[in-house]
Structures are given as C-alpha cells and as structure tokens.
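Student: Please take me through this model by asking, each time, what a term requires and whether the values meet it.

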Amino acid sequence: GASWKLADHPKLPKGKTVAVVVLDGWGEAKPDQYNCIHVAETPTMDSLKKGDPDKWRLVKAHGSAVGLPTEDDMGNSEVGHNALGAGRIFAQGAKLVDLALESGKIYDGEGFKYISECFEKGTLHLIGLLSDGGVHSRLDQLLLLLKGSSERGAKRIRVHILTDGRDVLDGSSVGFVETLENYLAELRGKGVDAQIASGGGRMYVTMDRYENDWEVVKRGWDAQVLGEAPFKFRNAVEGVKQLRAAPKASDQYLPPFVIADESGKPVGPIVDGDAVVTINFRADRMVMVAKAFEYEDFDKFDRVRVPKIRYAGMLQYDGELKLPSHYLVSPPEIDRTSGEYLVHNGIRTFACSETVKFGHVTFFWNGNRSGYFNEELEEYVEIPSDSGITFNVQPKMKALEIGEKVRDAILSGKFDQVRVNIPNGDMVGHTGDIEATVVACKAADEAVKMILDAIEQVGGIYVVTADHGNAEDMVKRNKTGQPLLDKGGKIQILTSHTCQPVPIAIGGPGLAPGCRFRRDIPTGGLANVAATVMNLHGFEAPSDYEPTLVEVVDI
Ligand code: 3PG
Ligand code: CO
C-alpha cells in the first residue's frame, strides 16, 4: 500500500499556520458593469492582485483542467474542490457517464442489471435535473439512458423532471421539456409507455444539499412517490409554461407538480415493484434524496408510504457511506487526497463554511468522502445557513461569522491548516441579481481580510484562491464577448458559472523569503494547488501529484 509519509521539503520550513481560502464563484474577467467583483469594493483582493507579481497569478478552473469532458464545460464546485483537495485531475462523473453510455458498458454493470429485474412487471422511474448544464446531469445522457433502457426491456417509464435555470439560462426549461417530450413520444410510437410524471424547480424540489432544508426533499418525495403536489397538469410543457407565467417565477424555484390523466389520476407515483434511478452524476444534491430512497430507518420527514423498489444512483454519491449501494457507473476513485496525507503527517486541520458550502471544503475536498480521517487532529465547523430564502435577499450570508470562526481558529494556535469556503460570490451570483452580487463580493472580501489579519498576527501563510468563476460575469455573451440581447432588447442574465480562470495569491509573514510562483507552469490549474499547499507546510508532494506552483529562489 501507499506510504503516507511525506518527504521534507528541502527549503521550506514546517510549523507555519497555513490558511487556505477558497472564494466560491470568484473568477477573473475583464472589468465592466457586469463584473460584480470589479464593481464591488474589494480592497483586500485588489491589493493581492496589485501586489507582488510573483505572488499572484491565474489558474484554470474549467474543462479538462478539472476532469470535465470538453473545454466548453464551465467549472463547478464539485470538480473544483476535488481538484484542489486531491492534487490530481480525475475524469469526473460527466465524463465517466459519457464513456459508459458510449461503450454500452453501463448496461453490463451490476447497477443496471439490478434495476432491470423490475422491467417485466414494474415501472422504471428516472429522476433528475433536466438541462444541458453538465454540472449535475445532462439531457443527452438522459435520452441515451431512455433509449438503452427501453431497448433492454423497460416497457413503462416515468420521468420526474427538475427544472434548472441555475447552470443554464433562466427560461430554458421549456425547451428542454419539449425535447424530452418529443423523445418520449418517439418511444411511445415504438410501444413503450413513456411519460413525464412530475416536476418542480431544482432549488425548491428534491435537490437540496448538506441537509440545509429537508422540506425541499419532502416536496419531491410527495410528487414523485406519492403523486401529490399543489399543481396538476395534463401536459408538462403546458404546465411549466403556466408556472413560469406567475410573477417572479423562475426555473430554479418552480413549485412541484404532477402530471395526471384525463380522470385526474397522477400518471406515475412510485409503487412496490418499481425501479428508480436518480440520473444526476454529481453527488452533493443527490445524497439527501438517496437517503430517503435507501434508508429503512429515516426520520427526516414522514415518507407516508415507502414503496419496495430497486433504487440505483447514476453514480455512487458517497464513498464513505456507500450511498447508494447500487449505481450505474462507478464514481472517480479520488484517493490519497492532500487532506488525508497531511493528517497522516501530523497536520492539525480546521475546515469551515456555512451549510450550503460546508461539504465543499470537507466532503468534496476529501474526494467525496464524508467524515474525518482522524478526529483527534481535525475539526470541521459548519455555520448554519439561512434556509428558505434566495440569497439575493441576504447577500452577506454568513461571511462575517465564517471570518470570525476562522480567525479564532487561527489565533487559537490549535491548527496547522485552516481551510475555508466563502460562498457569497457563487450563491448570490446564481440568483442573477447584479446589485445583490456586488454586495456579496464586498462581504466576501471583508471575510478574507479578517482571515489575512489573523494570519498576519500569528506569522502564518495564506493561500487565497477560488473554485470557479461566477460573480465576475453576470451576462450571457456572444463569441466576441458582447452582451447578448433577448428579443425585447434586454440583456440575458447569466445565473451560471463561467469558464474564466481564477486567481491564486500566496503571502503572509510566514512565507519563506524567496518563495514565489514558478514561471514555468503557465497553464497551471486548480489541481496544482494541493502540492503548493503541501510545500507551504514544509513537505514535498507525492510524485504523482500535479506539480507545485511555488519555488524558492535565493535572494
Ligand atoms: C449548484 O448546485 O448550486 C450549481 O449547480 C453549481 O454550483 P456549485 O458548483 O458552485 O455548487
Ligand atoms: Co455555483
């Protein structure tokens, strides 16, 4: 087996407190009115950028640099934090599912065999995010799975859709539902009884994460399993259009609905003998619903009726909990993460964020693994997020509280590494509210200042970076970078992440003289950060890690 012992770095000392700060959704883009980071007052981040050019640079945070299928794939928190924590680039869920579908291997696996036992007598239910965002799921993968399942004996299929508007433009849901409807009609033409059975907006139905609000999952359960929802339609396209017509309605937050037949009966509740697949490959927003389907003992909400089903995830979502136990595609094997190495080498670690991003600096950072490596050496602190609101209403979120907790952890002297995610740029950026996102960026900058001040006090080192872009560009652009206008001449707000690079800065009184960014890794990405951080703790990184970004020159 692997040896956990890390070699000493030949030049860099041990014993410094290292703060690793991840600004969520904080990319680098040209300064204009849609760049909220530029518009906001961000003196701390500005001073890092304008400071020593050997201590600030950009790194790639999208596409193949983080294991995504193409260079058109924007970065996201899962792949970003995986790369930051693991120090290597793994083919990610999106890519692994593509390969399994392309080769047909998905149908030879244990997971598909398991669910296909139900095809003779039961219904196959597919639940997941309906868009081409490529962050949690992809529509083309859903269509391929529908095709493959029907060709392999699924005679009755029900799709439970979750509308997006967060990884794709708001309003695009209608087109995705139409595409799906057209394909289901094709299947019906071939004698397969295939229909949409229920739906709802991803942020309001099913796709909560890190146990922020179980009500979200309950709404999904009620619609998908029980066939109960406040809205009932005959047709999903008409239903989504109708729900969108309400004032302030958006794809992300559509209320739950079920599709009913002419007699008003829901067409697809989940019953004994059925099979269920959650089609998202990304883990964070599937863990809760997977628990609701998989766990016999479950007290997060009243499930009312618990059908005896065969359930599989597109992937296994949690490697530590082995959740779910059945899955169609094996997840990336993200092993030997930097967190695990550092703990084995005695580094006392503190990690912190608020609920909505808590798992990013713990679960994702540690390779989609929940829990501690070593309880004696680690402390993970979660600050409760406001729940039941959209974050443009509270754009400061818990930045101040996070800053205070991290400051206290640094000043306590109990930790060698403090790791933190500051969510504002991302969470408020996703609402598409430009004014609120400006406030969010300022709050994030203030939290960074608190952390850097504490590092200054203890003679430590800081590494400030981000996981992907978001707040630096809030408008959809054409190929030449001009804002795209809709039919009414209005700009199209970009709620999603971007393909922009992100900054990384190093510094602090503990940074060894002569330690600076190397000049020979111009294409560095997030995966280069782990080796960098290990060096700053006084260790060499394992030889298969992506190379460090720092060197020590004689001065
Ligand atoms: C979400 O899940 O909120 C978005 O799809 C992606 O955001 P994140 O990757 O920043 O979490
Ligand atoms: Co995001």
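Student: Which residue is the bridge partner of V21 in strand 14?
Tutor: The bridge partner of V21 in strand 14 is V464. A strand here is a DSSP run of E with at least two residues, a helix is a run of H or I with at least four, and both kinds are numbered from the N terminus. Before we go on, note that this is a predicted model, in which local features need pLDDT of at least 70 and side-chain atom pairs count only at pLDDT 80 or more, while totals for chains, interfaces and linings use all residues. Residues are numbered from 1 along each chain as its sequence is written, chains are lettered from A and ligands numbered from 1 in the order in which they are written, and side-chain values use heavy atoms, with hydrogens and water left out.

Student: What makes strand 1 and strand 14 a pair?
Tutor: Two strands pair if DSSP finds at least two bridges between them. Strand 1 and strand 14 are joined by six bridges, in the parallel sense, so they meet that condition. Strand 14 also pairs with strand 15, here in the antiparallel sense and over three bridges, and in that pairing V463 stands opposite I506 of strand 15.

Student: Why is strand 14 called largely enclosed?
Tutor: A residue is buried under 20% relative accessible area, exposed over 50%, and partly exposed in between, with a 1.4 Å probe and protein chains only. Six of the six residues of strand 14 are buried, so the rest of the structure largely encloses this strand. Both faces take part: I461, V463 and T465 point one way, Y462, V464 and A466 point the other way, and all are buried.

Student: Which strands are the edge strands of the seven-stranded sheet, and what makes them edges?
Tutor: This open sheet has the order 2-15-14-1-13-11-12, with mixed pairing. Its edge strands are strand 2 (56–59) and strand 12 (378–383), since each pairs on one side only. From one strand to the next, the twist averages 15 degrees.

Student: How many bridges join strand 1 to strand 13, and in what direction do these strands run?
Tutor: Six bridges join strand 1 (residues 18–23) to strand 13 (residues 417–422), and the two run parallel; within strand 13, R419 is the bridge partner of V20. Helix 16 (residues 434–458) packs on this sheet, touching strand 1, strand 13 and strand 14 (461–466), and its direction makes about 175 degrees with that of strand 1. Touching, or contact, means heavy atoms within 4.5 Å, and such angles run from 0 to 180 degrees between N-to-C directions of lines fitted to C-alpha atoms, for helices over the stretch in contact. Helix 17 (residues 529–536) lies across strand 1, strand 13, strand 14 and strand 15 (502–507), at about 170 degrees to strand 14.

Student: How do you know that H81 is buried?
Tutor: The relative accessible area of H81 is 0%, which falls under the cut-off, so the word buried applies. H81 is found in helix 3 (residues 77–86), and ten of the ten residues of that helix are buried, so helix 3 is largely enclosed by the rest of the structure. Leaving aside residues up to four places away in sequence, H81 touches V22, D24, H360, V361, F364, W365, N421 and D467. The C-alpha atoms of H81 and D24 are separated by 9.8 Å, although the two residues are 57 residues apart along the chain.

Student: What does the side chain of D208 reach instead, and where does D208 lie?
Tutor: D208 lies in the loop between strand 5 (193–201) and helix 8 (214–226). Its side chain reaches the backbone nitrogen of D213 at 2.6 Å, and a polar atom of that side chain lies 3.0 Å from the backbone nitrogen of N212.

Key:
A polar contact is a pair of N or O atoms within 3.5 Å; within protein, one must be able to donate a hydrogen and the other to accept it, and residues adjacent in sequence count only if both atoms are side-chain atoms.
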